[in-house]
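Please brief me on the fold shown here. Keep it to the sheets, the helices that cover them, the salt bridges and the surface.

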Amino acid sequence: MRQKLISDSDVELWRNVFLIDGSSESGLKWGKSTGPRCKVGSQAGYIDSNGAYFRVCINKKMYPCHVIIWCMINGPKNEPYVVDHIDGDTTNNKVKNLRLVTRTANNRNAKKRSDNSSGVTGVCWHKDKRCWVSSFHDDSGKCVRKDFSDFNEAVAYRKEMIGLIGNYSKRHGK
């Protein structure tokens with residue numbers, strides 16, 4: 001998910017309007033009413049239509065609750081950093097479950113995509129070249145690709161490279 005640039009004034013507004021509360025499903029409660037549906041002490045935010053993230057609307061702008069929580073504690077965050085859920089549960093907005101990481105590091109926590117047809121993250125069939133392509137991102141974020149005629153060789157190569165880099169989570173590609 002692409003995260004917006006966050007300013008000091010955004011964080012100041014959030015600190016004046018929200019309360020961080022671990023008993024709230026979203027992790028936030030309204031500390032100040034900003035409209036008829038925002039009752040002080042009630043949960044701020046709702047789960048999005050994908051069921052993936054809690055979001056909240058303030059001043060006609062939509063924000064992910066986990067970003068608000070992290071920024072209320074730590075101040076503004078901007079590119080190339082994103083707020084990551086350490087345990088991979090995007091609805092778990094507890095403070096201890098949030099950290100600031102690069103987009104590359106965040107992608108190393110990703111689950112296997114639903115449209116993955118090879119069954120292995122980072123290995124795909126290249127129709128035009130008629131070969132298996134193994135790919136991964138190095139620490140600089142550069143995509144490294146290598147072609148293989150054998151699927152198992154492509155998988156072994158990617159596993160070896162990821163092992164050498166070492167910064168991939170155990171749940172990556174699961």
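The points below go through this structure topic by topic.

The model is predicted. Another open sheet has the order S8-S9-S10.

- S3 and strand S4 (residues 54–58) run antiparallel and are joined by 2 bridges.
- Ile-47 stands opposite Phe-54, a residue of S4.

**Helix H2 and Cys-71**

- Is H2 largely enclosed or left open by the rest of the structure? H2 is largely enclosed, because 8 of its 10 residues are buried.
- The buried residues are Cys-65, His-66, Val-67, Ile-68, Ile-69, Trp-70, Cys-71 and Met-72.
- Cys-71 belongs to helix H2. Its relative accessible area is 0%, so Cys-71 is buried.
- Which residues does Cys-71 contact, leaving aside neighbours within four places in sequence? They are Ile-6, Val-11, Trp-14, Arg-15, Pro-76 and Lys-77.
- Cys-71 and Glu-12 are 59 residues apart in sequence. In space they are 9.6 Å apart, C-alpha to C-alpha.
- Just after H2 comes Gly-75, with a positive phi of about 95 degrees.

**Sheet S8-S9-S10**

- This open sheet also has 3 strands with antiparallel pairing.
- Strands S8 (123–126) and S10 (143–148) stand at the edges, each with a single partner strand, so one side of each is without a neighbour in the sheet.
- From one strand to the next, the twist averages 30 degrees.
- S8 and strand S9 (residues 131–137) run antiparallel, joined by 4 bridges.
- S9 and S10 pair in the antiparallel sense over 6 bridges.
- Val-133 in S9 is the bridge partner of Cys-124. Val-133 also stands opposite Asp-147 in S10.
- The hairpin of S9 and S10 has 5 residues between the strands. In that hairpin, Gly-141 takes a positive phi near 95 degrees.

**Salt bridges**

- The pairs described here include Asp-84 with Arg-99, Lys-129 with Asp-147, and Lys-29 with Asp-21.
- Asp-84 and Arg-99 meet through their side chains at 2.8 Å, N to O. Asp-84 lies in strand S6 and Arg-99 in strand S7, so the pair ties together parts that are 15 residues apart in sequence.
- Arg-99 is partly exposed, at 31%.
- Lys-129 forms a salt bridge with Asp-147, and the closest N and O atoms are 3.0 Å apart. This pair links distant parts of the chain, 18 residues apart. Lys-129 is in the loop between S8 and S9, and Asp-147 is in strand S10.
- Asp-147 has 37% relative accessibility, so this residue counts as partly exposed.
- Lys-29 and Asp-21 meet in a salt bridge at 3.5 Å, N to O. Asp-21 is partly exposed, at 22% relative accessibility.

**Nonpolar surface patch**

- Which residues make the nonpolar surface patch of about 220 Å²? The patch is made by Ile-20, Ile-73 and Val-95.
- Val-95 lies in the loop between strand S6 (81–85) and strand S7 (98–102).
- The relative accessible area of Val-95 is 41%, so this residue is partly exposed.

Note on methods:
Residues are numbered from 1 along each chain as its sequence is written. This is a predicted model: local features need pLDDT of at least 70, side-chain atom pairs count only at pLDDT 80 or more; totals for chains, interfaces and linings use all residues. Side-chain values use heavy atoms; hydrogens and water are left out. Two strands pair if DSSP finds at least two bridges between them. Axes are lines fitted to C-alpha atoms, for helices over the stretch in contact, and angles run from 0 to 180 degrees between N-to-C directions. Patches are made of residues with over 30% relative accessible area and no salt bridge: like charges are joined within 9 Å, nonpolar side chains (Val, Leu, Ile, Met, Phe, Trp, Tyr) within 5 Å. Accessible areas come from the Shrake-Rupley method with a 1.4 Å probe; for residues, only the protein chains shown count as cover. A salt bridge is a side-chain nitrogen of Lys or Arg within 4 Å of a carboxyl oxygen of Asp or Glu. Buried means under 20% relative accessible area, exposed over 50%, partly exposed in between (1.4 Å probe, protein chains only). Contact means heavy atoms within 4.5 Å.
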